[in-house]
Amino acid sequence: MNPTPEPTGIFRPSQKAVPRAIALAIVTLLVGCQTPQPPSPTASPSPTGALGGDGGRGGRGDQETGRPPSTGSGGPGDQGTPSLPVSPSPSLPVSPSPPPSVPLSPSRPVAQSPSLPVTIMPPTEGCKVVMAIVSDPNPPLNVRSAPIVADGNIVGKVNNGTYVTVTEEQNGWLRIDDPAGWISKQNTQTTCSQVTEQINFAPNGNSAIIRGQIIGPGSHKYLLSASAGQTIKVIKLNPEGVFPAIIDPDGNILAGNPYTDADRNEWTGTLPVTGDYSLQMDSNFRGFDYQFSVEVN
């Protein structure tokens, strides 16, 4: 029997070609499975690569065509195998460096400087006036029969510096008894005959200056709250003035008795009891100016 002829057109590889084909397939498989390495940040952009950091255009396969760039001609088995696109590494946000820590020095208590002395003066309005001193810028001062300026009601005149006794006050007019009539209060000097004021020191303060005037008979009294064992210091500041009588809460005169201690200029002492102490000045006739300081420790 004759052997059946093989059909034509069928390629049968030789025994030597089979191992070569298998080796070529293995190489192709290994090349396709290789993991592409990310480009080095310092590497120069390839002239045929995608859009570089400077914004230039690459060759075919750049961003304009939408195809990945070609890897060039290789050996047998690598043609037609596209290289995998390389994903750029995302840039991580850079956190700002914290400012250098400055060592904190331990806090120190702030020393509070003592406040300046407060100045206390007696009121001059809303009180009873018993005597006035004439002080008219265009003397002499007219005395009128009624508390109003009108033709024909001038009944007398008084010179500047005259002390006049006041018996009534009405709408800015003072009624006097010699000569009898009314004079304008704004053309006189007047003070309240009776005054009682509280001495309040400034915050963090312990001293005050008291300054005032008594015209005519009257009494000015300043109250100071203090505790037993505290020290008080009083100094007369005007030579022609008077030193106040210092009276404790029980009514005892500690210093400045007007009959036995009138020439005193200063006194420092320890307070015997707790309560309101009185610094008091009395006038029996024309009055006087006064100014003194008080300090409590």
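The structure holds four salt bridges, a salt bridge being a side-chain nitrogen of Lys or Arg within 4 Å of a carboxyl oxygen of Asp or Glu. The model is predicted, so that local features need pLDDT of at least 70 and side-chain atom pairs count only at pLDDT 80 or more, whereas totals for chains, interfaces and linings use all residues. Residues are numbered from 1 along each chain as its sequence is written, and side-chain values use heavy atoms, with hydrogens and water left out.

One of the salt bridges is formed by the side chains of E125 and K185, with an N to O distance of 3.5 Å. This pair links distant parts of the chain, 60 residues apart: E125 lies in the loop between β1 and β2, and K185 in the loop between β7 and β8. Strands (E, at least two residues) and helices (H or I, at least four) are DSSP runs, numbered from the N terminus. K185 also forms a salt bridge with E169, the closest N and O atoms being 2.8 Å apart. Because E169 lies in strand β5 (residues 163–170) and K185 in the loop between β7 and β8, the pair ties together parts that are 16 residues apart in sequence. Through shared partners, the salt bridges join E125, E169 and K185 into one network.

E125 counts as exposed because its relative accessibility is 55%. E169, at 37%, is partly exposed, and K185, at 11%, is buried. Another salt bridge joins the side chains of R264 and D261 at 2.6 Å, N to O. R264 has a relative accessible area of 27% and is therefore partly exposed.

A disulfide is a pair of cysteine sulfur atoms within 2.5 Å, and by this rule the count comes to one. The disulfide joins C127 to C192, with an S to S distance of 1.6 Å. The angle about the S-S bond is -75 degrees, and the link is left-handed. The two cysteines are 65 residues apart and belong to distant parts of the chain, C127 in the loop between β1 (118–120) and β2 (131–134), C192 in the loop between β8 (188–190) and β9 (194–198). C127 is partly exposed, at 24% relative accessibility, whereas C192 is buried, at 0%.

Strands are taken to pair if DSSP finds at least two bridges between them. Strand β6 (residues 173–177) runs antiparallel to β7, and five bridges join the two. They form a hairpin with two residues between them. Strand β7 (residues 180–184) is mostly covered, four of its five residues being buried.

An open sheet of five strands has the order β9-β11-β16-β13-β14, with mixed pairing. Its edge strands are β9 and β14 (253–255), each of which pairs on one side only. From one strand to the next, the twist averages 25 degrees, with axes given by lines fitted to C-alpha atoms (for helices over the stretch in contact) and angles running from 0 to 180 degrees between N-to-C directions. Strand β13 (residues 245–247) pairs with β14 in the antiparallel sense over two bridges. In this pairing, I247 stands opposite I253 of β14.

A nonpolar core is a set of buried Ala, Val, Leu, Ile, Met, Phe, Trp, Tyr and Cys residues joined through side-chain atoms within 4.5 Å. The largest such core has 23 residues, of which I199, I210, I232, V234, Y290 and V294 touch the most other members. Two or more residues of this core come from each of β10 (207–215), β11 (218–226), β12 (231–236), β16 (275–283) and β17 (287–296). Strand β17 gives the most, with five residues. Contact means heavy atoms within 4.5 Å; leaving aside its neighbours within four places in sequence, Y290 is in contact with P122, I210, R211, G212, Q213, I214, H220, Y222, N238, V242 and M281.

Key:
Buried < 20%, exposed > 50% of the residue type's maximum accessible area, 1.4 Å probe, protein only.
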